[in-house]
Amino acid sequence: MTPADHAAHDQPVETIYTGQWLRMMRRGHWEYAERTHGKGMAVIIIAVTPDDNILFVEQYRVPLAARTIEMPAGLVGDDHAHDTLESAAQRELVEETGWNPARVEVLLTGPTSAGMSSERIAFVRASELSKVGAGGGVAGEDIIVHEVPRAQAPAWLMQKQAEGFELDLKLWAGLWMIERNPDGSMVG
């Protein structure tokens with residue numbers, strides 16, 4: 001750490017505001033958000049059906065005042081105190097898409113927006129999927145599931161953006177990790 005890093009790290013942390021799901025914090029002059037529950041972690045699930053369709057979800061996101069296209073995702077430990085990254089990914093994939101993975105593999109973890117939030121995400125690859133329900137999320141989520149042929153996914157995403165949807169930029173990392181591991185090696 002640089003001297004400036006040490007100085008910032010040694011500053012006391014002050015809670016500015018606490019809501020149901022988020023807390024606003026200040027360390028020195030820096031303000032940031034953190035989750036009020038769970039482990040401050042979320043999972044993003046990279047999932048391809050046996051028919052080679054990529055699973056995307058569509059939902060309205062209040063902070064953006066727009067519908068978004070994302071990969072299935074969810075919080076770790078929000079309702080399940082003993083959650084692991086793997087169990088959260090499996091549960092969220094079933095809840096949001098109706099597809100159950102026989103295998104989940106954590107690929108990579110890191111911050112979502114290091115200058116604004118202490119939240120971290122884990123990219124999880126789900127495989128050996130079987131259809132077990134309709135998906136759509138839990139009460140109040142209103143999720144629409146899209147199964148898009150892998151070869152058409154980038155063009156489909158760009159069409160959705162042209163239609164006015166917000167696209168989670170992590171989608172492109174997820175598309176890359178369908179066939180590659182984080183180190184660039186090919187899957188399988």
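Contact here means heavy atoms within 4.5 Å. The model is predicted, with local features needing pLDDT of at least 70 and side-chain atom pairs counting only at pLDDT 80 or more, while totals for chains, interfaces and linings use all residues. Residues are numbered from 1 along each chain as its sequence is written, and side-chain values use heavy atoms, with hydrogens and water left out.

View A. Valine 124 lies in strand 9, residues 120–131, where strands are DSSP runs of E with at least two residues, numbered from the N terminus. With residues up to four places away in sequence not counted, valine 124 touches Val43, Ile44, Ile45, Ile46, Ala89, Val104, Glu105 and Val106. Its relative accessibility is 0%, so valine 124 counts as buried (buried is under 20% relative accessible area, exposed over 50%, partly exposed in between; 1.4 Å probe, protein chains only).

**View B. Isoleucine 16 in strand 1.** Isoleucine 16 belongs to strand 1, residues 13–18, and counts as partly exposed because its relative accessibility is 36%. Between the C-alpha atoms of isoleucine 16 and valine 124 there are 33 Å in space, and the two are 108 residues apart in sequence.

View C. The strands follow the order 1-2-3 with antiparallel pairing, two strands being paired if DSSP finds at least two bridges between them. Strand 1 and strand 3 (30–35) stand at the edges with a single partner strand each, so one side of each has no neighbour in the sheet. Five bridges join strand 1 to strand 2 (residues 22–27), and glutamate 14 has arginine 26 of strand 2 as its bridge partner.

Notes. Helix = DSSP H or I, 4+ residues; strand = E, 2+ residues; numbered from the N terminus.
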